[in-house]
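Thank you all for coming; I would like to take a few minutes to walk through one model with you. Please have a look at the sequence and the structure first, and then I will go through them.

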Amino acid sequence: VSSIVEVVRLHAWRDSPLEWKMVLEGLRSAGVSLGQSLRMLFQTEWDVVRQQPLRVAVVVSLLAVLLSVSSLPSLEGRRGKRSGPTPPGEGADDNNEEEEEEDD
């Protein structure tokens, strides 16, 4: 986030016409600070992975389950489109019609 703020606050954006050299220097500076932040975060998380692999396994398996469950509706929609409409007499709702006739 700080890298984005750094790019937005560049003084080069306020000049007209743009001084591309200053813009590129600002972008390079923001990229370097972003890279350093990401490297620190990766090192910290890698230490956690090495020290507590089961904790990471639980989080990864939970993520996999959530992704698979959230994709089920779209998979069912695709399956319904492939199979086409259900012919009369073969649907699950046909049994309800017989029960309604018996109640009359």
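What we have here is a predicted model, so local features are taken only at pLDDT of at least 70 and side-chain atom pairs only at pLDDT 80 or more, whereas totals for chains, interfaces and linings use all residues. Residues are numbered from 1 along each chain as its sequence is written, and side-chain values use heavy atoms, with hydrogens and water left out.

The mean pLDDT of the protein chain, pLDDT being the predictor's confidence in each residue from 0 to 100, is 81, and 77% of the residues reach 70 or more. Where pLDDT is low, the predicted coordinates should not be read in detail.

The structure holds one aromatic pair, formed by phenylalanine 42 and tryptophan 46, which are stacked at 6.3 Å centre to centre with 15 degrees between the planes. For the term itself, rings of Phe, Tyr and Trp (its six-membered ring) pair if their centres lie within 6.5 Å, and planes under 30 degrees apart count as stacked, over 60 as edge-to-face and the rest as tilted. Both residues lie in helix α2, residues 20-51, four residues apart, about one turn of the helix. Phenylalanine 42 counts as exposed because its relative accessibility is 58%, and tryptophan 46 is partly exposed at 46%; buried means under 20% relative accessible area, exposed over 50%, and partly exposed in between, with a 1.4 Å probe and protein chains only.

The search of the whole structure finds one salt bridge, that is, a side-chain nitrogen of Lys or Arg within 4 Å of a carboxyl oxygen of Asp or Glu. Aspartate 47 forms this bridge with arginine 50, the closest N and O atoms being 3.2 Å apart, and both residues again lie in helix α2, three residues apart.

Leaving aside neighbours within four places in sequence, serine 3 is in contact (heavy atoms within 4.5 Å) with Ala30, Ser33 and Leu34.

Terms used. Helices (H or I, at least four residues) and strands (E, at least two) are DSSP runs, numbered from the N terminus.
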